[in-house]
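Hi everyone, and thanks for coming. I'd like to walk you through a structure that may be new to you, so please take a look at it with me.

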Amino acid sequence: MLLIGRDLSPFVRRTAIVMATVNVPFERQVLAAIEDGAQLAPHTPLGRVPVLILEDGETLIDSAAIIDHILEVGDPTQALLPATGHDRRRVLYLCAIATGAMEKGVASSYERFQRPRELIHGPWLDRLFDQARGGLAALEVALGERDWLHGDAMTLADIYAVVLYDFMQIIDLPRLAETARVALPALSARLNALPAFQDHRFIPASA
């Protein structure tokens with residue numbers, strides 16, 4: 001399998017970490033959505049990352065769809081995402097919060113670093129910041145003094161939450177320290193010590 005995208009994107013990084021966690025082997029092609037749009041175009045009509053090309057040539061796009069496939073083939077015991085019931089709904093609920101906050105973080109990053117400064121709309125940027133911080137705060141409360149966001153082992157929600165928290169540090173989200181004071185920083189430190197996280201760290205845009 002070939003995973004296309006660079007780990008500066010939280011959506012690419014979470015996909016790579018899930019694949020590594022369930023021991024699904026893959027190769028990498030490091031492309032950025034904006035800078036490498038022409039190279040991405042043959043693989044996805046949206047020009048977004050990640051893209052996963054399967055061994056038979058089939059192409060999957062969107063991190064959620066890719067991760068769904070990876071869990072189907074690589075996590076038959078449903079360790080990362082319970083199969084049914086309340087446990088599944090709870091993990092997906094927490095994943096949805098992390099995903100929404102990621103989207104707002106990415107949007108705020110584009111607004112600050114891609115849009116000409118004189119065209120930045122302050123109220124819209126503030127709204128993005130508030131939504132991103134809201135997601136982080138909700139995850140901080142959900143984790144509390146627990147080891148894991150749900151259950152007694154790592155789930156997809158923990159991976160998403162740590163990737164989110166780490167990304168917010170990279171983009172220097174305002175008031176991050178007061179939004180996620182204890183629980184998420186501790187979870188991030190623990191999970192980033194794992195090989196799956198160490199091998200797929202955020203790569204600076206200049207790298």
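Before we start, one term: contact, or touching, means heavy atoms within 4.5 Å. Please also keep in mind that this is a predicted model.

Let's begin with T155. You'll find T155 in the loop between α5, residues 122-143, and α6. Is T155 buried or exposed? T155 counts as buried, because its relative accessibility is 6% and the cut-off for buried is under 20%. Leaving out residues up to four places away in sequence, T155 touches A79, L80, V91 and H150.

Now to L40, in helix α2, which covers residues 37-40. L40 has a relative accessibility of 0%, so L40 counts as buried too. Which residues does L40 touch, again not counting those up to four places away in sequence? The contacts are I4, L31, A32, A33, G47, R48, V49 and V51.

P50 belongs to the loop between α2 and β3, with β3 spanning 51-53. Do look at the backbone here: the peptide bond from V49 to P50 is cis, and its omega is near 10°.

The structure holds one cavity of 30 Å³ or more. The volume of the largest cavity is about 40 Å³. What lines the largest cavity? Its lining is made of T44, L46, R48, P50, I61 and D62. Sorted by class, that lining has three nonpolar residues, one polar and two charged.

Rolling a probe the size of a water molecule over the atoms shows where empty space is left. In the largest pocket, that space comes to about 770 Å³. The lining has 28 residues, and the closest to the centre of the pocket are S9, P10, A33, V106 and Y110.

Which elements give two or more residues to the lining of the largest pocket? They are α1 (10-21), α3 (63-74), α4 (85-113) and α6 (156-170). Helix α4 provides the largest share of that lining, with six residues. As for class, the lining of the largest pocket divides into 17 nonpolar, five polar and six charged residues.

The second largest pocket has a volume of about 160 Å³. If you want to find it on the screen, look for R14, A64, I67, D68, L71, L81, R88, L92, C95, T99, L156 and Y160, which line it. Here the elements that give two or more residues to the lining are α3, α4 and α6. The classes in this lining are eight nonpolar, one polar and three charged.

Two of those lining residues, R14 and Y160, have a story together. R14 lies over the face of Y160, at 4.0 Å from the ring centre.

That brings us to the aromatic rings. How many aromatic pairs does a search of the whole structure find? The search finds one. F167 and F202 form this pair, with 5.9 Å centre to centre and 45° between the planes, and the arrangement is tilted. The pair links distant parts of the chain, since F167 is in helix α6 and F202 is in the segment after α9 (195-198), 35 residues apart. Both F167 and F202 are buried. F202 has a charged neighbour as well: R13 lies over the face of its ring, at 4.8 Å from the ring centre.

Finally, two backbone details in loops. Q78 sits in the loop between α3 and α4. Its phi is near 55°, a positive value in a residue other than glycine. Q78 has a relative accessible area of 36%, so it is partly exposed.

The other is R175, in the loop between α6 and α7, where α7 covers 176-179. R175 is not a glycine either, yet it has a positive phi of about 60°. Is R175 buried, exposed or partly exposed? R175 counts as partly exposed, because its relative accessibility is 48%.

Technical notes
Residues are numbered from 1 along each chain as its sequence is written. This is a predicted model: local features need pLDDT of at least 70, side-chain atom pairs count only at pLDDT 80 or more; totals for chains, interfaces and linings use all residues. Side-chain values use heavy atoms; hydrogens and water are left out. On a 1 Å grid over the protein atoms alone, a cavity is a set of points where a 1.4 Å probe fits but cannot get out, and a pocket is an open set with protein on both sides within 12 Å along at least five of seven lines; lining residues have an atom within 4 Å of a point. Grid points are joined across faces, edges and corners, and a volume is the space filled by probe spheres set on the points. Helices (H or I, at least four residues) and strands (E, at least two) are DSSP runs, numbered from the N terminus. Ala, Val, Leu, Ile, Met, Phe, Trp, Tyr, Cys and Pro count as nonpolar, Asp, Glu, Lys and Arg as charged, and the others, Gly among them, as polar. Rings of Phe, Tyr and Trp (its six-membered ring) pair if their centres lie within 6.5 Å; planes under 30 degrees apart count as stacked, over 60 as edge-to-face and the rest as tilted. Buried means under 20% relative accessible area, exposed over 50%, partly exposed in between (1.4 Å probe, protein chains only). A charge sits over a ring if NZ of Lys or CZ of Arg is within 6 Å of the ring centre and within 35 degrees of the ring normal.
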